[in-house]
Structures are given as structure tokens and as C-alpha cells.
Amino acid sequence: MDLIEDLGWRHACKEMNGKKVPREKIDRILEAINLAPTSLGLQAYKVLVIENKDLKEQIYKEACQQQPITGCSHLLVFAAFTQLTDKYLDEYFSLIERKRNPGKEWCDKYRKRIEFFRDKNGDNMENWLARQTYIALGIACVIAANERVDSVPIEGFDKEILNKILNFPEQHLSATFILPLGYKDLELDWMNNQPKVRKDLKDLIEVIE
Ligand SMILES: Cc1cc2nc3c(=O)[nH]c(=O)nc-3n(C[C@H](O)[C@H](O)[C@H](O)COP(=O)(O)O)c2cc1C
């Protein structure tokens, strides 16, 4: 299928109808999320896949009153690590060794580069780590559309409350956004079939030859 057509099909769904998305489609979206690029390849985040009705309702009531939270089939919560610990790097490098086995010298050099970057960036690390999750968001939206699954990225939630509900602080995690996946309610989703509001390409893109 044509990805441009898929992007034209998708929209930020405002109301979902509760219908279940088949497991294979969810698995493909999760696989795509895992294949998203991240700076230095760190993937320093987690993705929660919430199917539990009570938990969705609690999130809706306490942290985010947007209908797709309860109307969706699967609620994805993206959460970035708030710090890059030595333990995290140990695990990352044992993964690199298992997958590529590039040798100790290469690993030591690459690790030093990451540690230098981390130590230099101090307070900005949390922000930088959070930004990585948005790349996966873009990819998730494309693949969901390709599977004709509706979605809506949501940042409009009370972060402190959501983090608390999901026990994120004790795992050094913090929610960046939520992505409900499901099917639009054809009567109530007022965004369905609305024309896209996008700039003309000439106003967005400047070509320098
Ligand atoms: C990071 C991010 C956060 C967003 N947060 C919300 C939100 O809290 N609620 C909502 O209804 N839409 C939210 N949106 C959807 C945007 O409003 C929507 O993508 C934009 O208006 C363009 O419309 P379209 O996606 O239908 O093409 C968010 C989008 C992004 C990328």
C-alpha cells in the first residue's frame, strides 16, 4: 500500500467505538515501534500496552479526560527513562555484543563516547531522552494507518498523576505521550473525513540548489 495514501487516510481520532483490534495488527505496530531509530541506538524508553478496562478508566478519570482513552482497544503509553544509568549502559552493551559481537575495543570506545555525551549534557538528558520517543510515535502512526487502525497521539494529560498511577517514578520513567489504538466511532468522531489542514509544500520546504 502507498504510504502517502495511508498518511492521508489517518487523522487524530476523537472518539473510538471500543471494537477490538486483532492481535496481529497490534504486533505489527509494536514491531515497527521497536524498529524506530533512536539517537545512539539507546531505545531508552518503555512502551506499556494497556488492555485492562479498569486501568483505562482510572487513567481517563484521574489523568486524561479524552474519550479514546476508554474507547480504544489498546492504550499505548510511551515512557522515557529520566536518566541514563551505568546499569542501563551495561545492558545495552551486552545486547550489542550478543547481536553484533564487535569486540571489546569497539565497545569501550563507543561506551566512552556515550558517557562523554551523557556527562556533558547533565540536566538536559531527561529532555533529550524524552525526545527519542517521538520518533517511534511517528512510525507507530504510519504503521497503524497502514493497518487501517485509528490512533491519536495524546500529550494533553496530567503527567504527574499518570506517572503515579503507572508507578513510573520508582522505575525512573516518565510518560511522554499516550497513543490509543482502535476504531473510530463513525457518528461521534467529528474529525473523520475533515480535510487536512496542512501548509502548501512551498511554504514548508525551501530547496537550496
Ligand atoms: C505530540 C502530539 C500530541 C498531541 N496531543 C493531542 C491531544 O492531547 N489530544 C488530541 O485530540 N490530539 C492531539 N494531537 C493530535 C494533533 O492535534 C493532530 O495530529 C493535528 O491537529 C493534525 O491533525 P491530523 O493528525 O488529524 O492530521 C497530538 C499530536 C501530537 C503529534
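Me: Which residues surround the ligand in this predicted model, and what makes them count as surrounding the ligand?
Reply: The ligand is surrounded by His 11, Ala 12, Gln 66, Val 152, Pro 153, Ile 154, Glu 155, Gly 156, Phe 177, Met 191 and Lys 196. A residue is counted because its C-beta atom, placed from the backbone, lies within 6 Å of the molecule.

Me: How many residues of each class does the shell around the ligand have?
Reply: The shell has six nonpolar, three polar and two charged residues; Gly falls in the polar class by the convention used, whereas Glu and Lys count as charged.

Me: Why are H2 and H7 called roughly antiparallel to each other?
Reply: Helix H2 (residues 23-34) and helix H7 (residues 125-146) pack at an angle of about 150°, with their axes 9 Å apart. Angles over 145 degrees count as roughly antiparallel, and H2 and H7 are therefore described in that way.

Me: In which hand does H2 pass H7, and which residues make the contact?
Reply: The crossing of H2 with H7 is right-handed. H2 contributes Arg 28, Ile 29, Ala 32 and Ile 33, while H7 contributes Ala 136, Ile 139, Ala 140, Ile 143 and Ala 144. By class, this contact has eight nonpolar, no polar and one charged residues.

Me: At what angle do the axes of H5 and H6 cross, and which residues make the contact?
Reply: The axes of helix H5 (residues 86-100) and helix H6 (residues 104-121) cross at roughly 145° and come within 11 Å, in a right-handed crossing. Leu 89, Phe 93, Ile 96 and Glu 97 of H5 meet Cys 107, Arg 111 and Ile 114 of H6, a contact that divides into five nonpolar, no polar and two charged residues.

Key:
Residues numbered from 1 in each chain as written. Predicted model: local features only at pLDDT ≥ 70, side-chain atom pairs only at ≥ 80, totals over all residues. Axes fitted to C-alpha atoms, helices over the stretch in contact; angles between N-to-C directions. Helix = DSSP H or I, 4+ residues; strand = E, 2+ residues; numbered from the N terminus. Parallel < 35°, antiparallel > 145°, perpendicular 65-115°, else oblique. Left-handed = near helix turned anticlockwise from the far one by under 90°. Contact = placed C-beta atoms within 7 Å.
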